[in-house]
Amino acid sequence: MVIMMKLNSPKEDLEEVIKKIHSRGCKHHEIWGTEKLAIGVTGQTAALSEEEFLIMNSVEGVYRVSKPYKLVSREVKSEDTVINIGGKLIGGEELTIIAGPCSIESRQQIFDIAGELKEMGVKFLRAGAYKPRSSPYSFQGLKEKGLEYLSEVKKELGMMIVTEAKDTSTLPAISELADIIQIGARNMQNFSLLEAVGELSNVILLKRGLAATIEDLLMSAEYILSQGNYNVILCERGIRTFETYTRNTLDLNAIPVVKKNSHLPIIVDPSHGIGIWDKVPAMAMAAVACGADGIMIEVHNHPESALSDGFQSLTPKNFKALLNKLEQLAPIVNKKVDVNVAIA
Ligand code: PEP
Ligand code: MN
């Protein structure tokens, strides 16, 4: 259920509504828009009646949300969510660029790549310390050591960090360091992890599962919002299909469909989506063309010797060429991209 209130409602009116919600054993969520305040009500809402809220001061409307996801839906908030991280915006007119290696491999490796990306004006550095690999014999990440290197990079270069939380036991350390906590495709339906990140204040990047529908993705996001963390970015990263010439099938259909059904920002990871480095730029451009709020790209100085995902990683030089093209494309889709690469 969603209760619409005037933005400038007196504090007491809002408190009365919240008190009533709690007295009926339900939870409230304040979703502030620019024109209205929506109070999302979750829990056993079937026992509540619209009328008991409609008679309250400053309440303008009470609606039942028809979708299985509520707080993430456009029915609750019609305008796009724009997330502010340290003054940088994600969503709205902003085209966010997140780049970096799949994994942190050494201090030197992460500093070298981060240094080149920073020079190009990239604000968000991605790199995994805990890697969820399909094979237990593949490189599992540098773990604590990796976080240590990332924290040095953060301090020295002032970049914002995107890194994956693989489980709840390592979550506190990741939460302390990361500006954006990534929940990987394989964990998209790890509901205890989703609930745990829902209690944090970090921004969460939720990747679509390998065999998850768009509705599954939105319901997983709902787990996070239902715990009180409304700063969620969705990420399309390709799904499994019968196709074998590409690593996954990048489902760009998801972008306009998510935009219709949810107010949350959605970015695209074409690196995992197609899995072949020289095809990544084409899919990154396509993602921006169809309305993505950003892209996340794997970049490595020596893709041929990378410990994970080298085959889909761009060199800094190729990544720079892509940024150049994105700068030209962005205004056509009413987006701004904040990077420092001169248009050739
Ligand atoms: C990654 O971003 O390196 C990663 C492991 O992604 P995914 O969870 O989408 O496979
Ligand atoms: Mn990877």
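By class, two nonpolar, three polar and three charged residues line the second largest cavity. This description rests on a predicted model. The space in the second largest cavity comes to about 30 Å³. Its lining consists of Arg126, Ala127, Gly128, Lys131, Val162, Thr163, Glu164 and Gln182. Strand S9, residues 160-164, gives the largest share of that lining, with three residues.

In total, two cavities of 30 Å³ or more were counted. The largest cavity has a volume of about 70 Å³. Lys88 takes part in the lining, as do Glu94, Leu95, Thr96 and Ile97. Gly121, Val122, Lys123 and Phe124 also line the largest cavity. Val337, Asp338 and Val339 complete the list. By class, the lining of the largest cavity divides into six nonpolar, two polar and four charged residues.

The largest pocket holds about 210 Å³. Its lining is made up of 17 residues. Nearest the centre of the pocket lie Lys131, Pro132, Arg186, His272 and Asp309. Charged residues number 10 in this lining, beside four polar and three nonpolar ones.

Helix packing was then considered. Two packed helices are described by the angle between their axes and the distance between the axes. For helix H6 (residues 191-198) and helix H7 (residues 214-226), the axes come within 7 Å and cross at roughly 40°. H6 is therefore oblique to H7. The crossing of H6 past H7 is right-handed. On the H6 side, the contact involves Phe191, Leu194, Glu195, Val197 and Gly198. On the H7 side, Ser220, Tyr223 and Ile224 take part. By class, this contact of H6 with H7 has five nonpolar, two polar and one charged residues.

A further helix pair was described in the same terms. Helix H3 spans residues 107-119 and helix H4 spans residues 144-157. Their axes come within 10 Å and cross at roughly 35°. The crossing of H3 and H4 is right-handed. H3 supplies Arg107, Ile110, Phe111, Ala114, Gly115 and Lys118 to the contact. H4 supplies Tyr149, Leu150, Glu152, Val153, Glu156 and Leu157. By class, the contact of H3 with H4 has seven nonpolar, one polar and four charged residues.

Key. Residues numbered from 1 in each chain as written. Chains lettered and ligands numbered in written order. Predicted model: local features only at pLDDT ≥ 70, side-chain atom pairs only at ≥ 80, totals over all residues. Heavy atoms only, no water. Axes fitted to C-alpha atoms, helices over the stretch in contact; angles between N-to-C directions. Helix = DSSP H or I, 4+ residues; strand = E, 2+ residues; numbered from the N terminus. Parallel < 35°, antiparallel > 145°, perpendicular 65-115°, else oblique. Left-handed = near helix turned anticlockwise from the far one by under 90°. Contact = heavy atoms within 4.5 Å. Nonpolar A, V, L, I, M, F, W, Y, C, P; charged D, E, K, R; others polar. 1 Å grid on protein atoms, 1.4 Å probe; cavity = no way out; pocket = protein on both sides within 12 Å on 5 of 7 lines; lining within 4 Å. Points joined across faces, edges and corners; volume = space filled by probe spheres on them.
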